[in-house]
Amino acid sequence: MARFLKNRDANKGLSPGSLVFIGKQKVENHRIRLIDYDAESLREEELQTLDDAGQFYTSDTNSWINIDGLHHVEVIQDAGRLFELHPLLMEDILNTGQRPKMEEFDTCLFFVLRMLRHNKEENIIISEQLSMVLGEKFLLTFQEQQGDVFEPVRVRIRKQKGRIRSSGVDYLAYALMDTLVDNYIAIIEHLGEEIEDLEEEVLENPTASVMEKINTYKREMNFLRKAIRPAREMVLKLIHEDFPLIQETSRPFLKDLLDLFTEATEAIDAYRDFLTDLMNLYNTAISNKMNDIMKVLTIFAALFIPLTFVAGIYGTNFEYVPELHYKYSYYIFLGVLFVMGSGLMYYFKRKNWF
Amino acid sequence: MARFLKNRDANKGLSPGSLVFIGKQKVENHRIRLIDYDAESLREEELQTLDDAGQFYTSDTNSWINIDGLHHVEVIQDAGRLFELHPLLMEDILNTGQRPKMEEFDTCLFFVLRMLRHNKEENIIISEQLSMVLGEKFLLTFQEQQGDVFEPVRVRIRKQKGRIRSSGVDYLAYALMDTLVDNYIAIIEHLGEEIEDLEEEVLENPTASVMEKINTYKREMNFLRKAIRPAREMVLKLIHEDFPLIQETSRPFLKDLLDLFTEATEAIDAYRDFLTDLMNLYNTAISNKMNDIMKVLTIFAALFIPLTFVAGIYGTNFEYVPELHYKYSYYIFLGVLFVMGSGLMYYFKRKNWF
Amino acid sequence: MARFLKNRDANKGLSPGSLVFIGKQKVENHRIRLIDYDAESLREEELQTLDDAGQFYTSDTNSWINIDGLHHVEVIQDAGRLFELHPLLMEDILNTGQRPKMEEFDTCLFFVLRMLRHNKEENIIISEQLSMVLGEKFLLTFQEQQGDVFEPVRVRIRKQKGRIRSSGVDYLAYALMDTLVDNYIAIIEHLGEEIEDLEEEVLENPTASVMEKINTYKREMNFLRKAIRPAREMVLKLIHEDFPLIQETSRPFLKDLLDLFTEATEAIDAYRDFLTDLMNLYNTAISNKMNDIMKVLTIFAALFIPLTFVAGIYGTNFEYVPELHYKYSYYIFLGVLFVMGSGLMYYFKRKNWF
Amino acid sequence: MARFLKNRDANKGLSPGSLVFIGKQKVENHRIRLIDYDAESLREEELQTLDDAGQFYTSDTNSWINIDGLHHVEVIQDAGRLFELHPLLMEDILNTGQRPKMEEFDTCLFFVLRMLRHNKEENIIISEQLSMVLGEKFLLTFQEQQGDVFEPVRVRIRKQKGRIRSSGVDYLAYALMDTLVDNYIAIIEHLGEEIEDLEEEVLENPTASVMEKINTYKREMNFLRKAIRPAREMVLKLIHEDFPLIQETSRPFLKDLLDLFTEATEAIDAYRDFLTDLMNLYNTAISNKMNDIMKVLTIFAALFIPLTFVAGIYGTNFEYVPELHYKYSYYIFLGVLFVMGSGLMYYFKRKNWF
Amino acid sequence: MARFLKNRDANKGLSPGSLVFIGKQKVENHRIRLIDYDAESLREEELQTLDDAGQFYTSDTNSWINIDGLHHVEVIQDAGRLFELHPLLMEDILNTGQRPKMEEFDTCLFFVLRMLRHNKEENIIISEQLSMVLGEKFLLTFQEQQGDVFEPVRVRIRKQKGRIRSSGVDYLAYALMDTLVDNYIAIIEHLGEEIEDLEEEVLENPTASVMEKINTYKREMNFLRKAIRPAREMVLKLIHEDFPLIQETSRPFLKDLLDLFTEATEAIDAYRDFLTDLMNLYNTAISNKMNDIMKVLTIFAALFIPLTFVAGIYGTNFEYVPELHYKYSYYIFLGVLFVMGSGLMYYFKRKNWF
């Protein structure tokens, strides 16, 4: 499949707003988890159907409803009906492979983000679309599969750590994004260390496989950049425009979030530059190696070819070659060869060739 | 013909606004198709002349008049007269090879776009200018030749799918553009897969023909970019400026359209970067191959040239060479050669040359 | 002479506004042509002195006064006196080698443009400064030498084609610029075709002269860009700012003009990218050729040097070499050489070297 | 550790605003120094706890409290309590590895900067985070370890040099930043001189180690740029926006500061370009060296291989070779070899190969 | 000394506004020249001390006081006292090595510019800081050493050429800047011609010294750019912002000045691109040369090595080699060699190798 594009075949020609899940089905079942809380109370449970969640649309407490698994289109339709979501918003949730973005609707803010997780066993980065719908008193999150990076946030809610219980759902949304970007940074750091290890390899053993690795990392960095940069712009917009759903007290936290995104994008750019430098270094290392090979060839060839020629002269079968019959000819001959060879070696030495 | 320019010779020196068809005649006949609809009624027929269509200029129903074939200048003149089009607008319709753009006139919005189709048999991309004139109750579309990508939209109108029948002509225009950009993305995806396959070829067999392919794809990506980027800017303008002919309810759909255009342009940029990486990889592969060749040469030359020299010494015809007459000389000679050869092989081995 | 700068030596140290002709004298005589017209009347004649033209400053008809030849400073002084031109404006007219620009003065708009003509016999591009002074009822044009690209406009005036006779002098100025840019595009097209032909040459016969050609075309493209880009900016300014001398009805034509300038600059950029690609292709072709040469060398050397060594062994004159005296030794020797050679050939074959 | 990112592991999942020291502990003890002054009075002492400093929050004199050592989180907590600092601000102080930035809070301006010091013995650059909190009558500075570059400022306060004693704390903050940037420039200058010395090395002895040096300096310049550019933007913001804590009379000094930052960033960019040029030069030097090697090889091989061949012909053992028996054959043979050799040498000479 | 930074060591740690001359002392004595003029009167004399000049601060006539030599700090202090200059302004005058800039103070405009002079004997460019203080009725200029490029302006004042005598000191300032930029252009032109001459050298004899020259010119162009670009921005600011000291009638002259600066920066950019092209051309020329060398080597080696091998076979001393004893063997042998050689030559010819 083309790597830089989501597959849109499934809904080509459909009218916009039609609900079709675009992506690979990654889980068997879906799962709906509710955390309903305010400063005093906390209720956490797993729901069978979204119908049970409809009451939280208007309740006074903060409600976080998290849905894992997108292939049951009906669940999304339920969500759309119960929380009055725009058809295009629902289409975007199902269209995994979206560019990170924010959109404002009449009753909610809609965020699309990438959730990245580093699978340490297989050393691969798993990318998943995270859609968030932020209402006045509720936050819906949609994930492609089970398992996420949000456990620390859940712990904070349960343990009443920090200001999370006493703040609104906009702060919850911020806390989730903060966790996301922390993960981005951890992944960049992990890749970064591997990239920095490449330098030694390039200098000591510049094989073709190093070049392939450099290219792979470059592509992964580009991939990360595509996930993070639009998200950074999104946070910038959140700070500079005025959204009624975002409270004034959340602004310093958003600025802090922006700093993290900025740090992440700058680190990516720094590693991209580093990889470009590595590539130059690699090409230089290859040229140096070539020079070394050529020097060896030239020294051997330029040393022995003339000597062989001299030997060749006295290997001729001319009848009258006076030198051949003189008693010490052979030793003089050897001496001449030795002097010639030494002279050439001195010449190469002076040229700093070895 | 110069590839990056339309041929303007035909109207050089003509006064602007003169109607001359600039482009290659691609079809024998032109064809005028009318689809006139509102939420309840639907009328679809083929018209002989545009005069039959004049009534739809002012009718209350939505009218989509599609004209294939531009070489009959009179048809365009008819359209201009019946729908009160500006002379420069009519010139632009005939001037196939325009840059995508939007222009606002007193009574209509005028769009120029590229319609791309992928001919799978011959594996070529066919590019055609699509001009759209959006009025209050009508939409004129002008194509260079018959056959287009709009059949799914027609089906939606006929089957009353989605909101198309209950919306205005601005939604119809949006639906057509949406279909266009879906096609762009499908084409980019197709090219993208072919480009990604190139990587293996570059690494395994970096022949000159691979480089030519890389260059060809680069040029095709540039071509696509020239078609898509101005169109994206056009959609941006549609969203951010206020056009009376675009209804407020269409805005979310335009934003969705913008997302698709953004995705298309980003994918193109990603593939362009990928091709640049491939080129670097190719050059590196060539250098590596050169190094391999040089190593083989150097090993052979540096191994056998000194040995040949030693053999040459004992091929000389000096009368007094004591070693020649000693009984085991030949075996000692062979032994010396073997030791010399082994030493050189060890030296090359230590240099990691094989 | 330095190519990227006009020669300013002649007026170094003069007070600004001093009139000195800077440029090479290209014609012997100057020539003053008047076309005075409105929708009904037309008067076309050649004037001896500009004094005869003074009356047209205030007349109600449109007057186009074209002056060829700038070396008679007095003519420009006359123009300045009769049409009340600012001293700096007059200096700019004489200072051929100006960057295209527009300046607004109290009573007129002043344009500096480059007129390019392709001399087909010698295959060179002739560049000349065209200065235009647009007043309310007059248009002055100053050319360095006789011969221009404006004949089609004159024909249109004479034959009352299009709207030129019924429009003001601002439309005439537009028509002249339109003709200029048509010529730019024709020249780019011509160069473009030659550039595209280079690709085959690069791939098939990458000699040093091809590289020189690539460099020459690159420089010509840069030259064109320097002439066209500021002119495009000028048109942009004409559209977006409000100049009393430009009528509202001319605006769509200016937009059309802008499209042409945009097309020209984009084509130039496309060809510049193409030339960069060609350079990369050239370097790759050179590397490939080098690889081919090296392969031939290596095959020959690696094949015959070991064989020669073996022959060398049996060319030694040791007294006791048992193999020499065995009857079939020579044939076995030949057989061994053949096997060795075949083995090496097989090895090179497997490496895909031929 | 990944070089382009601070290590955030320690507080991953913590609620924002939690205080954890992120960085390497660099000192055993912390140290609190107070300088309290106005135009007439001066008090300088070392404090045991910050509690002693609480009174300076509201006093009328200017108070500069400098804290070295960040690992005692309680000290920062004390500062937060006494000077009413925002939790995120305190987190940023402990999070060493921040990007330089400025943030406005209700009662103070918060600055994060990098303090760079050049350790001359080990020839390394030590980077440390400097956090500054500017209130109405106090300035808090937080350093990671003891030892700083601010001694000249302390001397100026003590000796009443310049306007420092008669100005507010905003001038003190400016004076510290001025000292910081003076140090940046001194470090750039130092690196710059070393970089410029590389040029000769590249031209005369382009070994692989030179390339490594170039890469190292490039990375150091990137590091400096990351420290200085955001700081420059910060000063720009200080000048262009209106902060009540910055007095109008400080503005010319801030402009002066901006000039210094601009100079520093331009010098960095100049050295980066210079390093890129050096890399090109290096690659060219390598190519030239390769050419030289190849010339030597080619001259030797092309000279002696043909001569050896001729000698080989007369080394054959054919029974009937008439030349062998002619008396002067050997001399003629030597003459032919000499003529052949001279001819080849002349040919190479004419090709300018030596 | 680090080339891209002024040396600031002398005032490191000093309080800003302290007066220390930073730069190399270039002259023994200073010199103060006064030109006091209006439309009718002119007074030109050399002053001993600035005290004599104090009266011109408030006089009605235009006064141009030019001071050569900055090492006598007292003179600058006198100027500061008499003309009420800000301490930072005075520091900037002494700090030679400033970036060109403009600053507005309460009673004056302050300009820092570079004065470049081309020393034709030694073919070097001398750079000197020129500081200008423009008041309502006076203009102070500070130069590092005697000798400047302003003589033509003095002549114009003396001879009452142009409008200089009847205009204010702002026009005088403009006239000086105009002279400066004329000199920039002359220097660029001079370097440009030398750069253009390099092209032939690159193509015909690409030695390492050519590459060094290219690098030197590149660095000089960067140096010029650093001097000119900020000055251009300064003029832009002068035009677009409103300064009471600049009269409205001077505006067209400033626009003219901007055109010259634009021309200068564009020429510099053009030459920088040209130098980049030359570098590419150089590398290509080197590759081509390498290819030529390799071809010669390959032809010689591939031709004679196989022939030598054949000769080697018949140089063996096997007892039973039937060919050796056939009477015409030698001639057949020579014939075979000739046919082999011709075949190989034909093969190389067909590959276009010579």
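The model is predicted, so local features need pLDDT of at least 70 and side-chain atom pairs count only at pLDDT 80 or more, while totals for chains, interfaces and linings use all residues. Residues are numbered from 1 along each chain as its sequence is written, and chains are lettered from A and ligands numbered from 1 in the order in which they are written.

Reader: How many Å separate the centres of domain 1 and domain 2 of chain A?

Author: The domain assignment of chain A places domain 1 at 9–284 and domain 2 at 291–350; such bounds come from an automatic or database assignment. Taken over C-alpha atoms, the two centres are separated by 75 Å.

Reader: Is helix 6 of chain A roughly parallel or roughly antiparallel to helix 8 of chain A?

Author: Helix 6 (residues 251–313) and helix 8 (residues 329–350) of chain A have axes 10 Å apart and pack at about 160 degrees. Helices here are DSSP runs of H or I with at least four residues, and strands are E runs of at least two; axes are lines fitted to C-alpha atoms, for helices over the stretch in contact, with angles from 0 to 180 degrees between N-to-C directions. Angles over 145 degrees count as roughly antiparallel. Helix 6 of chain A is therefore, relative to helix 8 of chain A, roughly antiparallel.

Reader: Which element gives the largest share of the side of chain D that touches chain A?

Author: In this interface, 48 residues of chain D are in contact with 55 residues of chain A (C-beta atoms, placed from the backbone, within 7 Å). Among the elements giving two or more residues to the chain D side are strand 4 (101–104) and helix 5 (208–240). The largest share is 17 residues, and it comes from helix 6 of chain D.

Reader: Which strands stand at the edges of the open sheet in chain C?

Author: This open sheet of seven strands has mixed pairing and the order 2-1-3-7-6-5-4, where two strands pair if DSSP finds at least two bridges between them. Each edge strand has a single partner strand, so one side of each is left without a neighbour in the sheet. The edge strands of chain C are strand 2 (42–47) and strand 4 (101–104).

Reader: What is the bridge partner of C:Ser131 in strand 7 of chain C?

Author: Strand 6 (residues 124–134) and strand 7 (residues 138–143) of chain C run antiparallel and are joined by four bridges. In strand 7 of chain C, the partner of C:Ser131 is C:Phe142.

How values were computed:
Parallel < 35°, antiparallel > 145°, perpendicular 65-115°, else oblique. Contact = placed C-beta atoms within 7 Å.
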